[in-house]
Amino acid sequence: MVRTKPYLMAQVEWLEDRPSQEAEDVETLATEVETYMKDVIWISNRVNGKSDKDVPDNLRKKLFPTHFSFWVGSTFEGAPVEQQALLELEDTAVRLKREKETLKNT
């Protein structure tokens, strides 16, 4: 903590995802996760009386599967333990599979 400045500072180490040992294609997994994410948003909107128009057509916005998987993990705000566990995973395919199962169960 730097007391002379109004912000926190940290030394960080950039971590890249490791090559996946999973046989599943990450593009396919990302598409499936996007589908489940849209379903969860749609159901949430219906429960909260919002319009179906609030569900974006393209959640991925041309993001590569790794970046998309981190974005999805970052949206799990109501479940901080699960969110942290997802963001700590160092394998895109494993992260997407876990997100898929979580969203499917939701």
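## Around alanine 30

Leaving aside residues up to four places away in sequence, alanine 30 touches Arg60, Pro65, Phe68 and Leu96, where contact means heavy atoms within 4.5 Å. This is a predicted model, in which local features need pLDDT of at least 70 and side-chain atom pairs count only at pLDDT 80 or more, while totals for chains, interfaces and linings use all residues. Residues are numbered from 1 along each chain as its sequence is written, and side-chain values use heavy atoms, with hydrogens and water left out.

## Overall build

The protein has 4 helices and 0 strands, in the order α-α-α-α along the sequence. Helices (H or I, at least four residues) and strands (E, at least two) are DSSP runs, numbered from the N terminus. The radius of gyration is 16 Å, whereas a compact globule of 106 residues would have one near 13 Å; the value is taken over C-alpha atoms, and the globule rule is 2.2 Å times the number of residues to the power 0.38.

UniProt, in an unreviewed entry, lists residues 3-104 as "domain: Lon N-terminal". Its positions are given in the numbering used here, feature names are shortened, and annotations may be inferred rather than shown by experiment. Over residues 3-104, the chain is 53% helix and 0% strand.

## The nonpolar core

The largest nonpolar core has 12 residues, among them Ala30, Phe68 and Leu96. Such a core is a set of buried Ala, Val, Leu, Ile, Met, Phe, Trp, Tyr and Cys residues joined through side-chain atoms within 4.5 Å. Helix 1 (26-47), helix 2 and helix 4 (92-105) each give two or more residues to this core, and the largest share, 4 residues, comes from helix 1. In soluble globular proteins, nonpolar side chains tend to be buried together.

## Rings and charges

Now for the aromatic rings. There is 1 aromatic pair in the structure. The ring centres of phenylalanine 68 and tryptophan 71 are 6.0 Å apart with planes at 25°, so this pair is stacked. Rings of Phe, Tyr and Trp (its six-membered ring) pair if their centres lie within 6.5 Å; planes under 30 degrees apart count as stacked, over 60 as edge-to-face and the rest as tilted. Both residues lie in helix 2 (residues 65-74), 3 residues apart, about one turn of the helix.

Phenylalanine 68 counts as buried because its relative accessibility is 0%, whereas tryptophan 71 is partly exposed at 33%. Buried means under 20% relative accessible area, exposed over 50%, and partly exposed in between (1.4 Å probe, protein chains only).

The charged end of arginine 60 sits over the ring of phenylalanine 68, 5.7 Å from its centre. Arginine 95 lies over the face of phenylalanine 70, at 3.8 Å from the ring centre. A charge sits over a ring if NZ of Lys or CZ of Arg is within 6 Å of the ring centre and within 35 degrees of the ring normal.
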